[in-house]
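Please have the sequence and the 3D view open as you read.

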Amino acid sequence: AGSQRHLLVDGGGGNGLLRQLKRAGLDPCDIHDVFATHHHLDHIMGVMWLLRVWSQRMVHGSMGGEARIYAHDEVCGILRTMAQMLLNDAEKALIGERIHLVKLHDGEPLEVIGHTLVPFDIHSTKAKQFGFCLRLCGDRWLTCCGDEPLPADLYDLARDSEWLLHEAFCLRSEIEPELLARMHHSSVADACTLARDVGARNLVLYHSTDAYLPRRKERFLAEGQPVFAGNIYVPLDLDVIHI
């Protein structure tokens, strides 16, 4: 990775995260910063494995510097408890010394990988959850909305985003809106409508059911493009998008 700095957003799959990092050409120690949106297993179990590798490498002197996990208080508490239960004494001693669990506060800016990051509480009724806005350069912002639809009263946070990252679980044409709402997820058309309404220029759709593979991109674009005139990206694992 050289001098590049990386921000990992969530990490599920347990130790499968380590395999995916390897496939992406990254060593776990190339990553020193993680943003955890919420406590669901498919979002933090891989983060725990990364924390384990960090601590082991630090103890053995093969990882320098410090590492940080940015999360709200509940997620920080869960990760701290898991670390105390699962790591050995030397590894546990690194929590707070070189591995920092940084508590997020709604609207309070942080400097992360050389950029200003502004976290925001999405006011989820399912599980406390944060998204974030990341200043890229000048007035260009990337907005990550987390794992649920961005509430209408928070649209101003995503206004004029250069890049909008939003979940899209399925096609609107294939599920009842009431069921989708109970699942706390969006359809492709819902996410594209939001992107259009906030004036985003690029929309990245993620957290989709695998039921649409291998034609997910084709089918998602067919539903989304009539709604949103900007660029729509439907990445598969390990796809690279240059921003």
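By class, 27 nonpolar, 14 polar and eight charged residues line the largest pocket; here Ala, Val, Leu, Ile, Met, Phe, Trp, Tyr, Cys and Pro count as nonpolar, Asp, Glu, Lys and Arg as charged, and the others, Gly among them, as polar. The model is predicted, with local features needing pLDDT of at least 70 and side-chain atom pairs counting only at pLDDT 80 or more, while totals for chains, interfaces and linings use all residues. Residues are numbered from 1 along each chain as its sequence is written, and side-chain values use heavy atoms, leaving out hydrogens and water.

**The largest pocket**

- The volume of the largest pocket is about 2,400 Å³, taken as the space filled by probe spheres set on grid points that are joined across faces, edges and corners.
- A pocket is an open set of points on a 1 Å grid over the protein atoms alone, where a 1.4 Å probe fits and protein lies on both sides within 12 Å along at least five of seven lines; lining residues have an atom within 4 Å of a point.
- The lining has 49 residues, of which Leu-7, Leu-8, Val-9, Leu-238 and Asp-239 lie nearest the centre of the pocket.
- Two or more lining residues come from each of strand S1 (7-9), helix H1 (16-23), helix H2 (41-59), strand S7 (130-137), strand S8 (140-144), S9 and S10.
- H1 gives the most to this lining, with four residues.

**Overall build**

- The protein has eight helices and 11 strands, which are DSSP runs numbered from the N terminus (helices: H or I, at least four residues; strands: E, at least two).
- Its radius of gyration, taken over C-alpha atoms, is 18 Å, close to the 18 Å that the globule rule gives for 243 residues, so the protein is as compact as a globular protein of that length. The rule is 2.2 Å times the number of residues to the power 0.38.
- Along the principal axes, the C-alpha atoms fill a box of roughly 55 × 35 × 35 Å.
- Of the 243 residues, 47% are buried (under 20% relative accessible area; exposed is over 50% and partly exposed in between, with a 1.4 Å probe and protein chains only).
- Among contacts (heavy atoms within 4.5 Å) with a separation of 6 or more, 62% join residues 24 or more positions apart.

- Gly-25 follows H1 and has a positive phi, near 80 degrees.
- H7 (residues 188-198) buries Val-188, Ala-189, Ala-191, Cys-192, Leu-194, Ala-195 and Val-198.
- The cover over the buried residues of H7 includes helix H5 (155-158), strand S9 (163-167), strand S10 (202-206), helix H8 (216-224) and strand S11 (231-233).

**Arg-216**

- Arg-216 sits in helix H8 and counts as buried because its relative accessibility is 9%.
- Leaving aside residues up to four places away in sequence, Arg-216 touches Ser-208, Thr-209, Asp-210, Val-234, Pro-235 and Leu-236.

**Cysteines**

- The whole structure has zero disulfides (a disulfide is a pair of cysteine sulfur atoms within 2.5 Å).
- Cys-133 is buried, at 8% relative accessibility, and its sulfur is 7.9 Å from the closest cysteine sulfur, in Cys-145, too far for a bond.
- Cys-137 is partly exposed, with a relative accessible area of 43%. Its closest cysteine sulfur, in Cys-133, is 15 Å away, too far for a bond.
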